[in-house]
Amino acid sequence: MQIRFVDDSSAPAARIIAHLVNQDAMPAGLEPVLVEAAKMSRFAGKAGQMFEGFVERGGKVVRVALAGIGAPSAEDRRSAIEKAGAALAAKYQSAGEDELLLDLSGLGLSADEAAAALLGARLRAWRHDVYRTKLTDDKKPSLTSIAVKGAPGGTQAKWEVEAAVAEGVEFTKQLITEPANQLYPESFVARCEAAMEGTGLSLRVLHPDEMRRLGMGALLGVAQGSAREPRLLVMEWQGGKKDERPLALVGKGVTFDTGGISLKPPAGMEDMKWDMGGAGVVAGTMLALAKRGAKANVVGFCGLVENMPDGNAQRPGDVVTSMSGQTIEVINTDAEGRLVLCDVLTYAQREFNPAAIIDLATLTGAMIVALAHEYGGMFSNDEELAAKIDKAGKATGDMVWRFPLGKAYDKMIDSQIADMKNMGARFGGSITAAQFLQRFIEDKRPWAHLDIAGMVWADKPGATWDKGATGYGVRLMDAFVRENLEG
Ligand code: BES
Ligand code: MN
Ligand code: ZN
């Protein structure tokens with residue numbers, strides 16, 4: 001989706017003209033019939049309301065779309081505006097016109113708010129049609145551009161920043177949407193290399209030989225049942241002060257999770273193509289940070305493996321030695337995400353000595369039982385870090401809800417034969433998974449674990465996404481960096 005800024009004289013003669021509308025304040029200059037019609041449809045500019053009318057202008061029929069953004073004083077103003085932008089994109093994406101004119105005149109928006117409308121529109125318009133060969137013309141997306149008129153001063157500069165974030169979100173959505181025959185550890189890396197070339201990010205890729213040398217027995221144990229070799233992708237962004245310790249972002253990148261020998265049931269197993277969602281968020285965030293030139297030091301890590309059953313796969317009961325030296329009894333080969341993450345966490349700490357670590361993972365089904373698809377679950381050993389992530393969640397709409405950690409939960413993963421086992425009892429499954437990860441955090445380093453199992457994929461369209469990949473997490477991490485590491 002192209003966004004271009006126009007003024008009265010350069011505005012195109014678009015056939016779709018959209019206005020955002022403050023509550024009880026119709027835009028000036030509309031035809032009386034349109035105003036009357038909107039009123040008859042009970043359109044009052046409330047957040048979420050939409051109206052469409054057809055009028056004749058200059059001898060041509062044009063559609064006029066009104067999208068309500070509620071009262072200027074509303075607490076969720078920015079989000080209402082973003083959703084209105086998204087709703088317009090959703091409605092007119094396949095309407096047969098290639099451009100829509102968005103008129104923001106006379107609304108009293110800030111540049112920030114205007115950019116939010118554009119971000120909403122761009123994010124909502126993203127689709128993945130690569131594998132559709134039979135889309136009929138009326139279903140094909142036609143809208144490729146939004147011309148923006150009457151934007152407040154400074155909108156363009158704000159938009160350039162948001163456009164970088166949108167690129168990151170889109171990259172994440174794409175990675176998450178690709179099926180596992182296309183996206184596996186090696187091709188995940190190749191896609192990142194292609195997307196990140198020339199951005200200033202420096203990439204490092206670890207292969208199995210190097211992993212063996214480092215002693216990553218937990219990650220390698222998961223990978224050993226697959227014909228696809230694992231990879232550890234490291235993406236380094238140095239936009240901050242030279243000697244400032246970086247933030248580490250660590251993502252679970254299980255490109256397909258069959259469960260391994262502890263095989264999952266067939267129903268819904270196809271969902272496990274997005275078990276690399278955490279890694280997808282990390283890659284998209286790194287791309288966004290680089291594209292907008294973030295003034296911060298951030299290193300992203302993607303632990304990439306495929307979890308398959310095989311003659312060579314690891315078995316329940318196997319004991320593996322992690323890079324940290326700690327041993328793990330693999331009770332269930334389907335609790336593989338933590339086995340991948342633990343070695344990546346150790347590597348990240350030993351190699352980069354980060355000031356803080358945030359990991360993102362589609363780690364447990366129990367998280368979806370607890371929170372459905374409304375919040376990501378947050379676990380942290382640090383009040384301040386947790387508060388900052390929570391704040392970034394509220395600002396972006398990528399919401400998190402904090403869960404407890406503690407000794408009693410930690411005890412639940414003690415093993416008879418090794419230092420720990422990779423699953424607890426039936427209850428508290430998301431918490432015991434987090435406790436497992438915490439055993440790999442060194443020196444009480446500030447750490448947060450985000451279990452995003454319920455957030456990566458949606459069965460119905462949402463605010464800024466269609467059915468499918470949501471892009472959840474990229475804006476959360478971007479806002480966290482912006483608010484806390486820059487300026
Ligand atoms: N990738 C799954 C978690 C998951 C399930 C994410 C459904 C999204 C939707 C993870 O690897 C897993 O299988 N976890 C097990 C852990 C259990 C064996 C301790 C689970 O949640 O059942
Ligand atoms: Mn699993
Ligand atoms: Zn998994």
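**Cores, metal site and strand pairing in the predicted model**

The largest nonpolar core has 85 residues, and Leu20, Phe188, Met286, Ile358, Ile389 and Leu450 make the most contacts inside it. Domain 1 (2-151) and domain 2 (163-484) both contribute residues, so this core lies between them. Another core, of 40 residues, lies apart from it and includes Ala218, Leu220, Leu339 and Tyr347. A nonpolar core is a set of buried Ala, Val, Leu, Ile, Met, Phe, Trp, Tyr and Cys residues joined through side-chain atoms within 4.5 Å. Buried means under 20% relative accessible area, exposed over 50%, and partly exposed in between (1.4 Å probe, protein chains only). Domain bounds come from an automatic or database domain assignment.

The model is predicted: local features need pLDDT of at least 70, side-chain atom pairs count only at pLDDT 80 or more, and totals for chains, interfaces and linings use all residues. Residues are numbered from 1 along each chain as its sequence is written, chains are lettered from A and ligands numbered from 1 in the order in which they are written, and side-chain values use heavy atoms, with hydrogens and water left out.

Met286 belongs to the core residues with the most contacts. Its partners are Met196, Leu201, Met235, Trp237, Leu249, Val298, Val299 and Gly300, not counting residues up to four places away in sequence. Contact means heavy atoms within 4.5 Å.

The manganese ion (ligand 2) is coordinated by Asp257 (OD), Asp334 (O), Asp334 (OD) and Glu336 (OE), at 2.0 to 2.2 Å. Donors are N, O and S atoms within 2.8 Å of the metal (3.2 Å for Na, K and Ca); water is not among the atoms, so sites may look incomplete. Along the chain, the donors follow the spacing D-x76-D-x1-E. Asp257 in strand E9 and Asp334 in the loop between E12 and helix H9 (337-352) are 77 residues apart, so the pair links distant parts of the chain. Helices (H or I, at least four residues) and strands (E, at least two) are DSSP runs, numbered from the N terminus. Asp257 also bridges the manganese ion (ligand 2) and the zinc ion (ligand 3), which lie 3.2 Å apart.

Asp257 is buried, at 2% relative accessibility. Asp334 is partly exposed, at 21%. Glu336 is buried, with a relative accessible area of 1%. Glu336 lies in the loop between E12 and H9. Not counting residues up to four places away in sequence, Glu336 touches Val222, Lys252, Val254, Asp257, Asp275 and Asn307.

Thr255 is buried, with a relative accessible area of 1%. Not counting residues up to four places away in sequence, Thr255 touches Ala180, Leu183, Tyr184, Pro185, Met272, Lys273, Met276, Val305 and Glu306.

An open sheet of three strands runs in the order E11-E12-E16, with mixed pairing. Strand E11 (319-321) and strand E16 (420-421) stand at the edges, each with a single partner strand, so one side of each lacks a neighbour in the sheet. Two strands pair if DSSP finds at least two bridges between them. E11 and strand E12 (residues 327-329) pair in the antiparallel sense over three bridges. Thr321 stands opposite Thr327 in E12.

Helix H14 (residues 474-484) is mostly covered, with eight of its 11 residues buried.
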